[in-house]
Amino acid sequence: MIDDAHLAAATLALYALLTYMTLTRPRQKVSAEAEAANLAKALQSVVATSTGNRLCRIAMGGCHLMGAVSLASRPSAGIGAIANFAGVSALCLLTVVWTSSGVGGQ
C-alpha cells in the first residue's frame, strides 16, 4: 500500500490539476453558436464537466478513501481515538463528495 507522504503528495497534485482545469480558459475563442451547442449537449446528458475533470474527481475520491483506511488502521486510545474518528469521518465525507461529483459529472 502507498505510504502517507506519497498519498498526500498525490492528493495535492490532483487538487492542483483540478484547480488548473477549472481556471484555464480556452486557447481559442469559442463562437456563440459553438457555446450554445455545447450547453445544449450538456443539458441533454446532465453532464457539465469534461471527462478529464470527472476522472480527476474520481481519483481524488480514491485518494481520500485510501487516507481514511490508513487513518482508521492506526491504533489509538482516549482523545486520539476521537480525533481519529473525526478524521476518518471527514475523509469519508470527502470521498463521497468527490466520487459522486465525478460519477455524476456535476
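**Aromatics, a helix and a pocket**

Modeller: Trp98 is buried, with a relative accessible area of 15%; buried means under 20%, exposed over 50% and partly exposed in between, using a 1.4 Å probe and protein chains only. This is a predicted model, so local features need pLDDT of at least 70 and side-chain atom pairs count only at pLDDT 80 or more, while totals for chains, interfaces and linings use all residues. Residues are numbered from 1 along each chain as its sequence is written, and side-chain values use heavy atoms, with hydrogens and water left out.

Colleague: OK. How many aromatic pairs does the structure hold?

Modeller: One. Tyr15 and Trp98 form an edge-to-face pair, 5.8 Å centre to centre with 80° between the planes. Rings of Phe, Tyr and Trp (its six-membered ring) pair if their centres lie within 6.5 Å; planes under 30 degrees apart are stacked, over 60 edge-to-face, and the rest tilted.

Colleague: Where in the chain are Tyr15 and Trp98?

Modeller: Tyr15 is in helix H1 and Trp98 in helix H4 (residues 79–104), 83 residues apart, so the pair links distant parts of the chain. Helices here are DSSP runs (H or I, at least four residues), numbered from the N terminus.

Colleague: And is Tyr15 buried or partly exposed?

Modeller: Tyr15 is partly exposed, at 29% relative accessible area.

Colleague: Switching to H1, which of its residues are buried?

Modeller: Leu7, Thr11, Leu14 and Leu18 are buried in H1. They cover an arc of only 60° around the axis, which puts them on the same side of H1; the arc is that of the directions from the helix axis to the C-beta atoms. The buried residues of H1 pack against helix H3 (51–72) and H4.

Colleague: What's on the face turned away from that buried side?

Modeller: That face carries the exposed residues Ala5, His6, Leu12, Tyr20 and Leu23.

Colleague: Back to Thr11. What does Thr11 contact?

Modeller: Leaving aside neighbours within four places in sequence, Thr11 is in contact with Cys63 and His64 (heavy atoms within 4.5 Å). Thr11 counts as buried, at 11% relative accessibility.

Colleague: Last one: what lines the second largest pocket?

Modeller: Thr11, Cys63 and His64 are among the lining residues, which also include Asp4, Arg74 and Leu91. H3 gives the most to that lining, with five residues.

How values were computed
Helix = DSSP H or I, 4+ residues; strand = E, 2+ residues; numbered from the N terminus. 1 Å grid on protein atoms, 1.4 Å probe; cavity = no way out; pocket = protein on both sides within 12 Å on 5 of 7 lines; lining within 4 Å.
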